[in-house]
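Please consult the sequence and the structure shown below while reading.

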Amino acid sequence: NGISFNGISFNGISFNGISFNGMSEGGLADPATRQVVQYLISCALPDGDKVSYDIAGQTYEFTGKLGLAPEWKDNACGPSCQRWVSACMMARVNAAQETKTISLRGAHQGLKVEPQEMQTFKHREATYFGNIFLPQPQVYACLSPGQTNIARICGDSLEGCALPVLGSCDDVCEGTGRHHSFRNCSNGNGGENDVFSEAITVFLPNQ
């Protein structure tokens, strides 16, 4: 299902050049880097799949969960793969780097939602989309209708938020799709690559 943990800081996300068979040995020696890589791989690979790296006599193992880009394990991560992983990683940022449970929903078969999840996570927070793999990363969020802030991501206000908030999802997305997630969200630039079908809407536990 789409229930996931979040707790990474946005300034810890930098994936240009990362591939499953080209991980930096020096990078994995850093516990903070390993945490980010675990989030990354849990976004990309399905539950039950894993990758491991043997570095200086130490084995590091990372497990999958959501399966948004399983092709990345053996092949290049193309545009859609990049966008799904990017949306997943942005959705799991936490301004206070606190580990909390969230529900991720969107138009991907990996984002299955169980009936109990629908009952427990009813508070629609925001939608995330973009591409953090580009030389100039695209990172965007939009507010669910009725929301004025994304406290989990931005803290006390939208001013200085780690992610640019483009306004209400009603205005930047085409509408809602599966499980009330927003779809086909635009960054407003008007180009053919500026509408993101790979968008993830986060639901929080009932308040």
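Is Glu 125 buried or exposed? In this predicted model, Glu 125 has a relative accessible area of 4% and is therefore buried.

**Arg 152 and Glu 125**
- The closest N and O atoms of the salt bridge between Arg 152 and Glu 125 are 2.8 Å apart.
- Because Arg 152 lies in helix α5 (residues 151-154) and Glu 125 in strand β5 (residues 123-131), the pair ties together parts that are 27 residues apart in sequence.
- Arg 152 has 9% relative accessibility, so Arg 152 counts as buried.

**Arg 83 and Glu 198**
- A salt bridge joins Arg 83 to Glu 198, with 3.7 Å between the closest N and O atoms.
- Distant parts of the chain are linked by this pair, 115 residues apart: Arg 83 belongs to helix α3, and Glu 198 to the loop between β10 (195-196) and β11 (200-204).
- Arg 83 and Glu 198 are both buried.

**Lys 73 and Asp 49**
- Lys 73 and Asp 49 form a salt bridge whose closest N and O atoms are 2.7 Å apart.
- The two residues, 24 residues apart, link distant parts of the chain: Lys 73 sits in the loop between β3 (58-63) and α3 (79-91), and Asp 49 in the loop between α2 (31-44) and β2 (50-55).
- Lys 73 is partly exposed, at a relative accessible area of 30%.
- Asp 49 is also partly exposed, at a relative accessible area of 22%.

Note on methods:
Residues numbered from 1 in each chain as written. Predicted model: local features only at pLDDT ≥ 70, side-chain atom pairs only at ≥ 80, totals over all residues. Heavy atoms only, no water. Salt bridge = Lys/Arg side-chain N within 4 Å of Asp/Glu carboxyl O. Helix = DSSP H or I, 4+ residues; strand = E, 2+ residues; numbered from the N terminus. Buried < 20%, exposed > 50% of the residue type's maximum accessible area, 1.4 Å probe, protein only.
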